[in-house]
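This report describes selected features of a single protein chain. The sequence and the coordinates are shown first, followed by the description.

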Amino acid sequence: MRSLTPEEKRVIIDKGTEYPFTGIYTNHKEKGTYHCKQCDAPLYRSADKFDSGCGWPSFDDEIKGAVKRFKDADGRRTEIVCAACGAHLGHVFEGEGFTSKDTRHCVNSISLVFRKDQATTPAKTETAIFAGGCFWGVEHLLKRVDGVLTVESGYIGGKTPNPTYEEVCSHTTGHAEAVRVIFDPAKVTYEVLAKRFFEIHDPEQINRQGPDVGDQYRSEVFYTNEQQKEVALKLIDLLKAKGYKVATKVTKATMFWEAEAYHQDYYERKGTQPYCHSYTKRF
């Protein structure tokens, strides 16, 4: 079971409701499956999602057996919960005529986690993990490299299992804000990605990146195999030979914990650009 933030608990446990048109999945159109935020059970398919204009994600069908229905205490509405763990999802309505199924599951985005359809993923992929300050900017800029399939923001390098953002910001867990990059090695090499990483953040800063200060903002490469380690160390040596006082650590990857949904695709959703990350040619 995932550890929930106070806002997630307000909706998922205490049966609250997020404000309309504020959820990250309201206008979400990617192909894949929506899972329960608390237990990760699959709940809805993107093929069953439609725009009802209500301000919350709408689905006209659920994955068979994934959702349970209960009458609200007031007897007027029908609550829907995750059948696996009982997490509050929202409410279901019938007879509105939006689709041929005549059903609308009105679901809080905060109750969901989206998993992309992997049908087009190459047979062979590799994983790279980088920490270089606020993960919003690193994620945003690495996504633009040809050959990168997905980039997830998360936490790594600490001692607390499944940490929350608030716990990481308390400087008690030891985690770094990081990104996990899944890439196609037939289209882009790890060295190209690592070079880009060193060119989209300042590797000379210690426990900070621009205005963001703290150990979670440190510069660190988390290698997943020995070849990645060798590449990272080689690039650091090249930068040092150029006069850079590189502070970047190179560490064997441990468990990567995916960050909360509101941290994913942050700049794409906001329609803005990173405030402390930009490209600087160093190689």
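How many aromatic pairs does the structure hold?

## Aromatic pairs

The structure holds 14 aromatic pairs, where rings of Phe, Tyr and Trp (its six-membered ring) pair if their centres lie within 6.5 Å. Planes under 30 degrees apart count as stacked, over 60 as edge-to-face and the rest as tilted. The pair of tyrosine 34 and phenylalanine 114 is tilted, because the ring centres are 4.9 Å apart and the planes stand at 55 degrees. This pair links distant parts of the chain, with tyrosine 34 in strand β1 (residues 32–36) and phenylalanine 114 in strand β9 (residues 112–116), 80 residues apart. Both tyrosine 34 and phenylalanine 114 are buried; buried means under 20% relative accessible area, exposed over 50%, and partly exposed in between (1.4 Å probe, protein chains only).

The rings of tyrosine 44 and phenylalanine 59 have centres 4.3 Å apart and planes at 15 degrees, so this pair is stacked. Tyrosine 44 lies in strand β2 (residues 42–45) and phenylalanine 59 in strand β4, 15 residues apart. Tyrosine 44 and phenylalanine 59 are both buried. One aromatic cluster is formed by Tyr25, Tyr34, Tyr44, Phe59 and Phe114.

## Basis of the model

This is a predicted model, in which local features need pLDDT of at least 70 and side-chain atom pairs count only at pLDDT 80 or more, while totals for chains, interfaces and linings use all residues. Residues are numbered from 1 along each chain as its sequence is written, and side-chain values use heavy atoms, with hydrogens and water left out.

## The open sheet

Helices (H or I, at least four residues) and strands (E, at least two) are DSSP runs, numbered from the N terminus. Two strands pair if DSSP finds at least two bridges between them. Six strands form an open antiparallel sheet in the order β3-β4-β8-β7-β6-β5. Its edge strands, β3 (49–50) and β5 (67–71), each pair on one side only.

Two antiparallel bridges join β3 to strand β4 (residues 58–59). Lysine 49 has phenylalanine 59 in β4 as its bridge partner.

## Loop residues

Serine 100 belongs to the loop between β7 (88–94) and β8 (103–107). With a relative accessible area of 79%, serine 100 is exposed. Its C-alpha atom is separated by 55 Å from that of glutamate 226, 126 residues apart along the chain.

The loop between α1 (6–12) and β1 contains lysine 15, and phenylalanine 21 is also placed in the loop between α1 and β1. Lysine 15, not a glycine, has a positive phi of about 65 degrees; phi of phenylalanine 21 is likewise positive, near 65 degrees. Lysine 15 counts as partly exposed at 45% relative accessibility, whereas phenylalanine 21 counts as exposed at 57%.
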